[in-house]
Amino acid sequence: MDINQKIAGELDIKTWQVEAVVNLIDEGNTIPFIARYRKEQHGALDDEQLRNLNERLTYLRNLEEKKEQVLSSIEEQGKLTEELRQQILAAETQVVVEDLYRPYRPKRRTRATIAKEKGLEGLANIILLQKTQRSLEQEAEEYISEEKGVSSAEDAIQGAMDIIAESVADEADYRFYIRKLTVDEGVLVSVAKDEKEKSVYENYYEFEEAVKKIAGYRILAINRGEKEKFLTVRIEAPEERILRYLEKKVITNENENTTECLREVVADSYKRLIAPSIEREIRSELTEKAEDGAIKVFGKNLTQLLMQPPITGKVVLGWDPAFRTGCKLAVVDETGKVLDTIVVYPTEPQNKIAETKKIVKGFIDKYNVSLISVGNGTASRESEMVIVDMLKEINKPVQYVIVNEAGASVYSASKLATEEFPNFDVGQRSAVSIARRLQDPLAELVKIDPKSIGVGQYQHDMNQKKLSEALSAVVEDCVNNVGVDLNTASASLLQYISGISKPIAKNIVSYREENGRFTSRKQLLKVAKLGPKAFEQCAGFMRISDGDNPLDGTSVHPESYEAAGELLKTLGLKPDDIRGGVVGLSLLAKDRKRLSDKLGVGELTLNDMIRELEKPGRDPREEMPKPVLRTDVLEMKDLTEGMILKGTVRNVIDFGAFVDIGVHQDGLVHISKLTNKKFVKHPLEVVSVGDVVEVKVLAVDLQKKRIQLSMIL
């Protein structure tokens with residue numbers, strides 16, 4: 001198989017682009033580095049295309065490795081024919097390779113292997129040939145042997161049938177046909193183990209849908225219902241058609257002595273061996289596809305959450321709400337430094353509202369707090385009421401915002417949080433995290449395992465290794481897309497930078513603590529274990545503001561400094577002129593083709609360079625929607641049908657989007673209510689996490705705490 005050509009066809013890109021990327025990956029370059037600094041070589045493929053390419057490359061290389069192992073194993077057995085070799089080499093999936101290998105794979109003891117040990121293979125061959133003139137009982141008489149454990153003709157016939165049944169089940173062509181037919185025409189059925197038992201899986205108590213049409217989120221829900229023992233699940237295949245097909249293939253000669261026996265063998269082979277195996281394979285494939293889809297959605301949501309714009313220049317009060325243990329508060333300054341912490345008890349059972357208001361007003365006056373960041377967990381609603389009431393009593397422009405606190409408790413109990421705040425308890429750390437994730441969501445959320453950030457669906461039911469790898473890649477792309485300040489970035493943030501491992505990230509922070517701030521990117525080469533290759537990969541993503549070289553504060557890579565200097569000189573500028581950005585630089589640099597030839601860099605690199613020099617260290621998050629800041633509160637009972645509200649998209653799933661409209665419960669905009677301008681295949685075509693949208697209230701169910709919304713106004 002020509003892997004590069006196959007990937008090019010699948011991803012609809014040119015073969016030369018695939019070849020270039022494969023070479024770059026094999027040379028040890030990371031995806032963010034390839035995406036940003038090797039555009040000329042691969043034709044400006046984006047991060048997502050490069051990730052997909054890398055994923056397929058890994059799969060197909062593993063497939064080729066598997067083929068080699070299988071060929072070697074069959075050859076060792078002396079059973080490898082040229083035809084089988086070609087079939088294995090032409091296989092495009094692991095499933096096909098496994099099917100072809102099945103008859104030759106070393107087996108555990110089965111009914112067929114036991115029958116072979118009893119010497120019944122000859123009888124099986126006589127039945128399969130379908131030419132005997134004698135009855136099977138007469139043929140079987142010759143195989144009776146007390147020594148081998150065959151006590152009767154019936155015993156011998158049954159053993160021969162077991163051998164044939166297994167050989168039918170191992171036939172790759174039959175399995176291809178049956179699998180395809182089951183996928184095309186099969187139905188997935190789920191029923192309740194106990195219809196009277198209440199559960200969240202009631203939609204699936206009497207459910208059936210075509211295998212090829214069933215949505216991924218349904219598969220994951222059914223799997224969980226089965227795992228929790230609420231559901232029984234099966235795939236119903238067109239059994240009669242399959243049996244007729246197998247009979248036609250196996251019974252090639254009408255013989256009254258063997259035909260009925262072979263019909264029985266075919267039915268046994270299908271029901272006992274083939275059907276359960278094919279069902280497992282199809283359900284596994286459905287689950288894998290559903291997981292891949294859910295991981296993709298999780299990744300997109302996570303990207304939007306990480307790329308939310310930072311709220312800079314504000315002193316923030318982080319508020320981690322709770323009932324019995326009290327609400328933990330933390331004040332952080334504009335740089336995220338903790339100024340003060342305290343626990344207040346405005347909620348049940350203490351209800352110390354007046355005392356809480358007094359303490360919070362004192363914080364606002366003392367530290368000039370202008371924004372309160374409230375976690376959306378337990379007692380969030382009650383805390384919000386207290387905050388709004390208090391804001392009406394003060395004469396200062398203070399606003400509040402509800403933030404998604406998912407993962408804050410995971411972070412606050414982690415080793416990292418203990419190292420960062422050794423003298424704080426878990427609640428204090430959580431309040432700090434809630435404040436900081438508003439100031440710089442990316443810098444704070446990278447400290448949390450991406451799986452715990454709560455913008456996915458069924459994440460605990462998935463292949464955890466695959467989920468972790470995919471989400472880590474998302475975080476890596478986001479961090480490198482934004483870049484980091486080399487003098488303030490934490491080790492948690494640095495470890496996601498291209499070419500930087502956890503130990504190197506810690507070494508960078510240690511170097512900074514021992515030697516003071518970095519004044520040049522070149523100093524990175526003095527950091528332990530950070531060699532020339534790692535420097536090449538990471539340097540462009542590390543920013544140094546007010547460093548020795550103004551270019552160190554930009555995303556221009558050190559390998560292009562000479563060209564950048566020459567560009568500025570050509571346009572009559574000096575390096576120091578770019579410290580605040582050069583307005584209109586793109587207008588000065590008109591003839592890009594001539595300029596790129598003169599500077600010896602590609603046009604794509606030149607365009608990136610000009611864009612960066614116009615606005616050094618630009619933050620791509622500035623283009624994202626800002627959080628909705630509030631000064632008043634709504635309750636669910638205040639909502640009325642037809643009310644139009646502004647809200648923030650908190651989570652996007654396969655069947656819709658959850659929107660925070662300022663009440664404690666997020667409302668659901670079903671996929672059918674996202675827009676009436678076009679057919680929507682997936683909600684991500686219309687909305688993303690963090691989007692600020694206008695919604696209309698369709699229905700409110702106070703008892704079930706459900707709000708139905710529509711974006712069709």
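1. What you are looking at. This is a predicted model, in which local features need pLDDT of at least 70 and side-chain atom pairs count only at pLDDT 80 or more, while totals for chains, interfaces and linings use all residues. Residues are numbered from 1 along each chain as its sequence is written, and side-chain values use heavy atoms, with hydrogens and water left out.

2. The overall build. The protein holds 29 helices and 15 strands; these are DSSP runs numbered from the N terminus, helices being H or I of at least four residues and strands E of at least two. Its C-alpha trace spans about 105 × 70 × 50 Å along the principal axes. Of the contacts with a separation of 6 or more, 67% are between residues 24 or more positions apart (a contact means heavy atoms within 4.5 Å).

3. Of the 713 residues, 50% count as buried. Buried means under 20% relative accessible area, exposed over 50%, and partly exposed in between, with a 1.4 Å probe and protein chains only. The protein exposes about 34,600 Å², and carbon and sulfur atoms supply 49% of that. Accessible areas come from the Shrake-Rupley method with a 1.4 Å probe, and for residues only the protein chains shown count as cover.

4. Charges. There are 103 positive and 116 negative side chains, with the centres of the two sets 5 Å apart. Lys and Arg count as positive, Asp and Glu as negative, and His and the chain ends are not counted; each charge is placed at NZ of Lys, CZ of Arg, CG of Asp or CD of Glu.

5. A negative patch. Have a look at D194, E195, E197, E206 and E208, which gather in a patch of negative charge on the surface. Patch residues have over 30% relative accessible area and no salt bridge, with like charges joined within 9 Å. E195 sits in the loop between β1 (187–192) and β2 (206–210), and its relative accessible area of 63% makes it exposed.

6. T258 is in the loop between α14 (239–250) and α15 (259–306), yet it is buried, at 0% relative accessible area. Leaving aside residues up to four places away in sequence, T258 touches I127, Q130, T132 and L136. R234, in strand β3 (residues 231–236), is partly exposed at 35% relative accessibility.

7. Salt bridges across the chain. The count comes to 60 salt bridges, each a side-chain nitrogen of Lys or Arg within 4 Å of a carboxyl oxygen of Asp or Glu. In one of them, D477 pairs with R51, and the closest N and O atoms are 2.8 Å apart. That pair links distant parts of the chain, with D477 in helix α22 (residues 464–482) and R51 in helix α5 (residues 47–76), 426 residues apart. D477 is buried, with a relative accessible area of 13%.

8. R111 and D162 form a salt bridge with closest N and O atoms 3.0 Å apart. R111 belongs to helix α8 (residues 111–117) and D162 to helix α11 (residues 153–169), so the pair ties together parts 51 residues apart in sequence. E247 bridges to R244 at 2.9 Å between the closest N and O atoms; both lie in helix α14, 3 residues apart, about one turn of the helix. Finally, D99, R102, R175, R179 and E281 are linked in a network of salt bridges.

Conventions:
Patch = residues over 30% accessible without salt bridge, like charges linked within 9 Å, V, L, I, M, F, W, Y side chains within 5 Å.
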